[in-house]
Amino acid sequence: EFTDAIGRGREIDVRVDAPGERWSVTLGLYDEKKMMAISASAGNKSSADWQAGRFHLLDISGAGYLGFDTGNVMMHVNGYQSWSNCGIVKLDSLKRNTSYWSTLFYAPDLYYSILIGFLTNSQATNSIRTGPMQIETGQFQLSFTSDLGSLLIPPGGEFRSDRVIVSFDS
């Protein structure tokens with residue numbers, strides 16, 4: 001069980017140990033809310049520093065799809081900097097879209113939305129990326145990525161990702 005500023009819930013922590021490394025993903029489901037929290041960590045059990053680079057917190061681009069029951073889905077896209085363009089785009093079969101820090105998917109025909117946002121932004125430049133939409137099925141690939149730049153993880157050290165919240169509204 002866990003409790004945070006949003007509420008109470010239950011979580012599961014999946015850990016994988018390999019030679020020189022430990023990976024974990026924590027998934028939390030809130031009680032009485034249509035929300036989940038996701039975070040991940042990487043531990044360096046080797047004797048040398050790790051250069052972190054990009055950390056894929058959640059990547060369903062090779063394993064599955066996020067799907068709506070319509071091909072009419074809008075996405076609010078945040079730019080990287082405060083002066084960068086922000087806007088609402090319609091997902092289509094050609095473009096990939098990237099939003100920084102948060103995004104909102106909205107299916108106006110169904111009055112349904114999914115809000116995704118990083119609660120903490122202390123470690124990395126966080127983004128949410130979509131692949132092109134399959135219009136006939138309303139499905140698209142999705143990934144949450146933390147760009148850690150030149151962060152070094154020392155031997156015995158661990159990196160924990162910023163936490164992302166996914167809120168479903170219907």
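Is V14 buried, exposed or partly exposed? V14 is partly exposed, with a relative accessible area of 45%; buried would mean under 20%, exposed over 50%, and partly exposed in between (1.4 Å probe, protein chains only).

A quick note before we go on. This is a predicted model, where local features need pLDDT of at least 70, side-chain atom pairs count only at pLDDT 80 or more, and totals for chains, interfaces and linings use all residues. Residues are numbered from 1 along each chain as its sequence is written, and side-chain values use heavy atoms, leaving out hydrogens and water.

Back to V14: you'll find it in strand β2 (strands are DSSP E runs of at least two residues, numbered from the N terminus).

Now look inside. In soluble globular proteins, nonpolar side chains tend to be buried together. Here the largest nonpolar core has 28 residues; a core is a set of buried Ala, Val, Leu, Ile, Met, Phe, Trp, Tyr and Cys residues joined through side-chain atoms within 4.5 Å. F68, F105 and F140 are among those with the most contacts inside it. Strands giving two or more residues to this core include β4 (35-44), β8 (74-77) and β11 (102-107). A second, separate core of 5 residues includes F2, Y30, A37 and I165.

Let's zoom in on β8. In a regular strand the side chains alternate between the two faces of the sheet. In β8, M75 and V77 make up the covered face, while M74 and H76 make up the uncovered one. β8 runs antiparallel to β9 (residues 87-90), with 4 bridges joining them, and M74 stands opposite K90 in β9. On β11, H76 has L104 as its bridge partner.

Definitions and conventions
Two strands pair if DSSP finds at least two bridges between them.
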